[in-house]
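Here is a short briefing on one protein chain.

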Amino acid sequence: MPPDDDDMPDFSDVQGGASSTAPEAKAYEVYVVKSGDSLSKIAKQHYGNANAWKRIFEANTDILKDPNKIFPGQKLKIPAKG
């Protein structure tokens with residue numbers, strides 16, 4: 001005997017949504033600092049604009065305290081263009 005429809009919740013008007021607190025899968029890439037690098041040089045490489053160094057600094061305040069002090073081997077998050 002089929003189940004009584006009255007016992008089943010009605011999900012016919014439910015709409016899918018994409019609300020999540022999870023970060024985007026590829027919101028940034030990781031860049032390993034090389035000798036001679038500066039945030040402005042890295043910004044110029046990735047964004048075409050040396051003045052965009054602040055974006056990189058702000059994305060890495062967990063490991064950078066001074067934008068002028070980066071070291072070879074450090075792994076920096078480079079925010080996606082946009």
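The protein chain has two helices and two strands (DSSP runs, H or I of at least four residues for helices, E of at least two for strands, numbered from the N terminus). Their order along the sequence is β-α-α-β. This is a predicted model: local features need pLDDT of at least 70, side-chain atom pairs count only at pLDDT 80 or more, and totals for chains, interfaces and linings use all residues. Residues are numbered from 1 along each chain as its sequence is written, and side-chain values use heavy atoms, without hydrogens and water.

**Confidence**
- Mean pLDDT (the predictor's confidence in each residue, from 0 to 100) is 85 for the protein chain, and 77% of the residues score at least 70.
- Helix α1 (residues 39-47) is highest at 98, while β1 is lowest at a mean of 95.

**Burial and contacts**
- Of the 82 residues, 22% are buried (under 20% relative accessible area; exposed is over 50%, partly exposed in between; 1.4 Å probe, protein chains only).
- Of the contacts (heavy atoms within 4.5 Å) between residues at least 6 apart in sequence, 53% join residues at least 24 apart.

**Aromatic pair**
- The structure holds one aromatic pair (ring centres within 6.5 Å, using the six-membered ring of Trp; planes under 30 degrees apart are stacked, over 60 edge-to-face, the rest tilted).
- Trp53 and Phe57 form this tilted pair, 6.4 Å centre to centre with 55 degrees between the planes.
- Both residues lie in helix α2 (residues 53-59), four residues apart, about one turn of the helix.
- Trp53 is partly exposed at 26% relative accessible area, whereas Phe57 is buried at 17%.
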